[in-house]
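Here is a short briefing to read with the structure open beside you. Take it topic by topic, and look up each residue as you go.

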Amino acid sequence: SSYFEGQNCPLAAFGYNRDGKKGKKQIVIGLLANSEGRPLALRVFNGNTRDDTTVVGWLDRLRDQFGAQDLVFVGDRGMVTSSIRRAIDESDRERIEYITALTRREIMDRLDDDGHPLQLGLFDHRGLAEIEHDGQRHVLCFNPEKQSEDCETRNRLLDKTEEKLRMVERNVAGGRWRKQKVIAARFHRWLDHWNMGRFFEVEYGPGTFSFRRDEEKIREWERLDGCYVILTTVKSDKLGTEDVRDHYKSLSQVEQAFRTMKTTDQFIRPIRHWAPDNVRGHVFMCMLAYLVIWEARGRFSGLLGRDPRSHECEGDSLREIWAALAEGVKVGTIRIGGQPIRQLAPLNSYTRKLLAAAECS
């Protein structure tokens with residue numbers, strides 16, 4: 001999403017604002033990229049459009065506009081929801097494969113299902129594991145950087161659930177809730193509100209209520225910290241386990257595109273146009289600029305990311321490269337016989353290196 005200044009654009013609407021700008025209308029931008037992160041297409045949606053409602057339309061557009069035959073769609077768990085997966089699986093059109101990830105609740109629901117082969121003991125913090133069920137491959141992955149975050153999230157939700165259960169306990173002890181059905185309705189409202197119900201043991205009856213944490217089960221489920229499950233319909237003879245993981249991780253390149261447009265090399269926001277065509281043109285020009293940046297990063301890859309301990313000024317960032325080219329490439333005009341002739345000034349060694357990397361003769 002990208003926020004607006006003003007209220008008069010027909011595309012602008014209030015929605016889930018990722019920019020953290022309260023009271024600002026926005027638009028939603030959809031970006032399609034290939035597996036290398038090169039932008040292929042974009043579309044501007046109304047600001048109240050949900051991510052998952054755009055998927056089927058994009059897939060149809062790929063079929064019609066790009067003539068895609070073998071298509072593997074990679075989307076995050078917020079975009080490729082269970083309902084979208086069912087719509088793709090049940091569609092009459094030619095088969096479309098997808099790679100996505102299960103939500104935390106979907107993982108825990110599968111672990112609670114005795115008929116599903118996904119089991120808690122299969123999660124290994126040392127490497128990848130894979131199981132197949134009903135034509136879908138489940139790739140079990142581990143991210144050590146996410147382990148502490150998952151632990152903190154679970155502890156926070158446990159505390160919130162316990163706070164609500166203590167509220168029920170106080171009301172029962174104070175005599176405000178006496179009937180067993182009333183007590184059950186009150187605590188069931190909160191017991192599994194954050195999917196934490198499995199970690200509590202509850203006893204209740206007419207005028208009585210008590211609970212405690214199941215510390216043994218909490219320790220058992222700590223194995224899940226840092227783990228996630230990638231779901232795909234692509235057969236193993238087309239993509240191996242590591243290939244599936246790498247393709248899902250390639251979504252970070254789309255995130256990088258938006259990050260570049262919003263905060264680093266470009267500034268797509270705020271949008272100050274009001275005519276829909278002007279808004280779409282603004283976004284399109286920003287995407288063309290990102291395509292130049294994407295191409296430049298590839299061509300200048302050997303010069304980017306210098307050692308911070310080095311005192312050389314060459315190749316720290318694209319900004320420095322742009323500045324070096326602006327400084328190093330000078331075109332002057334001389335007159336010979338009254339005729340103006342444009343001439344390139346002598347190039348220094350670093351400018352020559354940059355032009356060679358850019359494949360400019």
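Is Asn171 buried or exposed? Asn171 is buried, because its relative accessible area is 14% and the cut-off for buried is under 20%. Please keep in mind that this is a predicted model.

**Around Asn171**
- Asn171 belongs to helix α4, which covers residues 144–173.
- Setting aside residues up to four places away in sequence, Asn171 touches Arg176 and Trp177.

- In general, side chains of opposite charge can pair when their charged atoms come close.
- The count for this model comes to 16 salt bridges, and a few of them are described here.
- Glu162 and Arg213 form one of these bridges, with their closest N and O atoms 2.6 Å apart.
- This pair links distant parts of the chain, with Arg213 in strand β9 (residues 208–213) and Glu162 in helix α4, 51 residues apart.
- Glu162 is buried at a relative accessible area of 16%, whereas Arg213 is partly exposed at 21%.
- Arg154 and Glu222 also meet through their side chains in a salt bridge, at 4.0 Å from N to O.
- Here too the pair links distant parts of the chain: Arg154 sits in helix α4, and Glu222 in the loop between α6 (215–221) and β10 (227–232), 68 residues apart.
- Arg154 has a relative accessible area of 7% and is therefore buried, while Glu222, at 35%, is partly exposed.
- Both Arg154 and Glu222 belong to a network of salt bridges that also links Arg104, Lys146, Asp150 and Asp225.

- The side chains of Glu130 and Arg137 come together in a salt bridge with an N to O distance of 2.7 Å.
- Which partner is buried? Arg137 is, because its relative accessibility is 2%, and Glu130 counts as partly exposed at 31%.
- Thr241 is in contact with both of these residues, and also with Leu128 and Val139, leaving aside its neighbours within four places in sequence.
- Thr241 and Glu130 are 111 residues apart along the chain, yet their C-alpha atoms are separated by 7.2 Å.
- You will find Thr241 in helix α7, which spans residues 241–249.
- With a relative accessible area of 24%, Thr241 is partly exposed.

**Surface patches**
- Four residues, Asp109, Asp113, Asp114 and Asp192, form a negative surface patch.
- Asp192 lies in the loop between α5 (180–191) and β8 (200–205).
- The relative accessible area of Asp192 is 37%, so Asp192 is partly exposed.
- Phe284, Met285 and Leu288 make a nonpolar surface patch of about 300 Å².
- Leu288 is part of helix α9, which runs over residues 276–299.
- Like Asp192, which has a relative accessible area of 37%, Leu288 is partly exposed, with a value of 36%.

Note on methods: Residues numbered from 1 in each chain as written. Predicted model: local features only at pLDDT ≥ 70, side-chain atom pairs only at ≥ 80, totals over all residues. Heavy atoms only, no water. Patch = residues over 30% accessible without salt bridge, like charges linked within 9 Å, V, L, I, M, F, W, Y side chains within 5 Å. Areas by Shrake-Rupley, 256 points an atom, 1.4 Å probe, with all protein chains shown as cover. Lys, Arg positive; Asp, Glu negative; His and termini not counted. Charge placed at Lys NZ, Arg CZ, Asp CG, Glu CD. Helix = DSSP H or I, 4+ residues; strand = E, 2+ residues; numbered from the N terminus. Buried < 20%, exposed > 50% of the residue type's maximum accessible area, 1.4 Å probe, protein only. Contact = heavy atoms within 4.5 Å.
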